[in-house]
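Okay, thanks for coming, everyone. Let me put the sequence and the model up, and then I'll walk you through a few spots.

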Amino acid sequence: MSTANRKYKDSVFVDLFAEDENAKENFLSLYNALHGTNLKLSCPVENIRLDNVMYMNIINDVSCLVDNKIIVLAEHQSTINENMPLRFLQYIARLYEKLQAPTDRYLRKLSKIPTPEFYVFYNGTDNYPESTTLKLSDAFIKKSNALPLELEVKVYNINKNKGAEVLSRCKTLEEYSLFVEEVRVRTQLDRENGFTNAVKICIEKGILKEYLLRKSREVINMLIAEYDYDTDIAAQRQESLMIGIQQGFADGSYQTKLETARLLKQLGDSTQKIIQVTGLSAMEIEKL
């Protein structure tokens, strides 16, 4: 699997809200939109992002310390990953290690820590609600009335047709949503020149105009890197499925064979092919 482009620069989303010269202003605008506050540009904001944690070798998160809170933002342009609460748990643990002095954890007096908040912004093509909350406890095999550990991730669908209220309160996020839609349309029409055409059209329409005028070449390179990353992820998911199938067969699991046959049948594979892959009989497959 190629990793060349994934070592390039951050995504456009990250650049807008964490790295660009106007990132602080953009981030505070988004923070105020999420919280109904009016923090000014003079408010201290510290970028505390971790390297190579959220998305392997490409970093696609924004992590800032502001108003005694740790705000962690992430973007998804494909299917929402329901394991995000667990990934954020691992992420915030590393952040606390970075922020807190090693000796503080051994103090007798309580050592105060910033309050964490987690957000995912979804702009993929799958049908998804305007907003929802993912919970770590949803992954627990056994649940009790008093959960010993919980972590919640607020997910916003920022596709313009979903009309997420947060878009109307944050101009940069709204224009970023329109930019992503333009990229999607132009790349479908012209795979080779789609990114370049999208940037030009957005400038003409006044969408992220000042930003794109300054960084058009960098933005195109970031889009190329993001496209390659999504392709890699799709390949990894397929590879994981095949590894799981092979492991199940190695273990001699009849239930695994049935589940695999059911999945292949849903994908439209022929009965003959399913027989070859699983070793099940035609009758067993027809009953699924």
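Quick housekeeping. This is a predicted model, where local features need pLDDT of at least 70 and side-chain atom pairs count only at pLDDT 80 or more, while totals for chains, interfaces and linings use all residues. Residues are numbered from 1 along each chain as its sequence is written, and side-chain values use heavy atoms, with hydrogens and water left out.

Overall, we've got ten helices and six strands. Those are DSSP runs numbered from the N terminus: H or I with at least four residues for helices, E with at least two for strands. Of the 288 residues, 41% are buried, meaning under 20% relative accessible area, with exposed being over 50% and partly exposed in between (1.4 Å probe, protein chains only).

Let's start with Asn32, which sits in helix H2, residues 23-35. Is Asn32 buried or exposed? Buried, because its relative accessible area is 14%. Its side chain makes a polar contact of 2.7 Å with that of Thr37. By polar contact I mean a pair of N or O atoms within 3.5 Å; within protein, one must be able to donate a hydrogen and the other to accept it, and residues adjacent in sequence count only if both atoms are side-chain atoms. Skipping neighbours within four places in sequence, Asn32 is in contact with Thr37, Asn38 and Leu39, contact being heavy atoms within 4.5 Å.

Next, strand S2, residues 61-66: five of its six residues are buried. S2 runs antiparallel to S1, residues 46-47, with two bridges joining them, and Glu46 stands opposite Leu65. On to S3, residues 69-76: six bridges join this strand to S2, again antiparallel, and here Cys64 faces Ile71. For strands to pair, DSSP has to find at least two bridges between them. The S2-S3 hairpin has two residues between the strands, and Asp67 there takes a positive phi near 55°.

Last stop, helix H8. Which residues are buried in H8? Leu258, Thr260, Ala261 and Leu264. They cover an arc of only 165° around the axis, so they're on the same side of H8; the arc is taken from the directions from the helix axis to the C-beta atoms. After H8 comes Gly268, with a positive phi near 95°.
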